[in-house]
2 protein chains.
Amino acid sequence: MDDLTEMLKGTLEGCVLEIIGSEETYGYAITRQLNELGFADVVEGTVYTILLRLERNGLVQVAKRPSGVGPPRKFYALNDAGREELAKFWAKWQYLSSRINRLKEGGRWVTSAGVVY
Amino acid sequence: MDDLTEMLKGTLEGCVLEIIGSEETYGYAITRQLNELGFADVVEGTVYTILLRLERNGLVQVAKRPSGVGPPRKFYALNDAGREELAKFWAKWQYLSSRINRLKEGGRWVTSAGVVY
DNA sequence: CTCCACTACTCGGTGATACCGTGTACTGGT
DNA sequence: ACCAGTACACGGTATCACCGAGTAGTGGAG
């Protein structure tokens with residue numbers, strides 16, 4: 001697949017929020033999970049910048065724990081603000097994707113009042 | 001709706017390509033059409049920068065024509081490169097949106113080989 | 001006739017984001 | 001002793017949508 005970086009802007013952070021929201025986890029594992037999910041070209045550096053941003057914006061709770069197979073891991077979990085942000089992300093995604101798919105299908109549709117655009 | 005600007009990155013240009021592809025048109029009208037389609041906060045300045053970029057990248061064919069109700073209009077139509085770019089855009093959109101929706105639905109699915117991720 | 005609204009395009013600068021490369025550091029196997 | 005895999009941080013870059021101001025043409029209200 002072609003380069004997706006521009007299209008990922010604004011959505012990748014939401015994906016990371018979703019992953020953290022479903023399970024407390026850490027950067028390296030999030031990167032691997034994203035790769036498995038089809039976001040093949042996302043690399044660690046990108047994920048870490050997102051995680052630092054989430055932390056700076058107060059959307060996550062952080063806990064450092066030893067690993068056993070390498071350096072200590074920073075585990076992330078959503079707090080209330082993070083869950084709210086995640087809900088807003090999915091609302092935006094729903095809004096945007098419905099409109100884009102409508103445009104794709106010809107950009108015409110009928111409202112409840114029968115108005116055709 | 002909240003601010004969509006970050007999420008629009010990489011997709012708004014594709015939307016403009018789609019609009020131009022379905023009908024030869026000009027910047028001001030494209031902006032109005034996007035607003036009607038639900039991209040309410042997109043303003044003219046944004047659309048014009050996209051159009052200039054498309055022109056610079058050789059994806060469109062341009063024709064200036066008098067208007068009758070204002071300054072002359074610059075009409076845009078896709079050329080072969082533009083149609084190819086549009087096809088790539090929809091392929092990327094399809095790829096990305098399917099993966100994001102999968103993540104939204106729990107991030108688990110079964111391949112044709114029966115492997116569960 | 002003058003002002004204003006609407007139409008229509010251009011351009012320099014800003015902020016946000018994903019990406020790149022490099023560096024640091026811990027563990028275990030050869 | 002070396003190297004691969006794990007794990008995180010950070011400075012710099014490119015791209016993109018957006019903002020604001022400017023320039024112009026037409027037509028209607030006062």
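Guide: A:T25 sits in strand 1 of chain A, which spans residues 25-26; helices (H or I, at least four residues) and strands (E, at least two) are DSSP runs, numbered from the N terminus. This is a predicted model, where local features need pLDDT of at least 70, side-chain atom pairs count only at pLDDT 80 or more, and totals for chains, interfaces and linings use all residues. Residues are numbered from 1 along each chain as its sequence is written, chains are lettered from A and ligands numbered from 1 in the order in which they are written, and side-chain values use heavy atoms, with hydrogens and water left out.

With a relative accessible area of 6%, A:T25 is buried (buried is under 20% relative accessible area, exposed over 50%, partly exposed in between, with a 1.4 Å probe and protein chains only). Beyond its neighbours within four places in sequence, A:T25 has contacts with A:I19, A:I20, A:I30, A:K74, A:F75 and A:Y76, contact being heavy atoms within 4.5 Å.

A:F75 points us to another neighbour: its C-alpha atom and that of A:V62 are separated by 5.6 Å, although the two residues are 13 apart along the chain. A:V62 belongs to strand 2 of chain A and is partly exposed, at a relative accessible area of 31%. Setting aside residues up to four places away in sequence, A:V62 touches A:E55, A:K74, A:F75 and A:Y76.

From there, let's visit helix 4 of chain A (residues 44-56), whose 13 residues reach 18 Å from first C-alpha to last, close to the 18 Å expected at 1.5 Å a residue (the expected span is 1.5 Å times one less than the number of residues). Its buried residues are A:V47, A:I50, A:L51 and A:L54. They cover an arc of only 100° around the axis, which puts them on the same side of helix 4 of chain A; the arc is that of the directions from the helix axis to the C-beta atoms. An α-helix has 3.6 residues a turn, so residues three or four places apart point the same way. The cover over the buried residues of helix 4 of chain A includes helix 2 (12-22), helix 3 (27-36), strand 2 (60-65) and strand 3 (73-78) of chain A. Just past helix 4 of chain A, A:G58 adopts a positive phi of about 70°.

The largest pocket holds about 550 Å³ of space, counted as the space filled by probe spheres set on the points, which are joined across faces, edges and corners. A total of 30 residues line the largest pocket, and A:L8, A:K9, A:G10, A:L12 and A:E13 are the closest to its centre. Helix 2 of chain A returns here, giving four residues, the largest share of the lining of the largest pocket.

Methods
1 Å grid on protein atoms, 1.4 Å probe; cavity = no way out; pocket = protein on both sides within 12 Å on 5 of 7 lines; lining within 4 Å.
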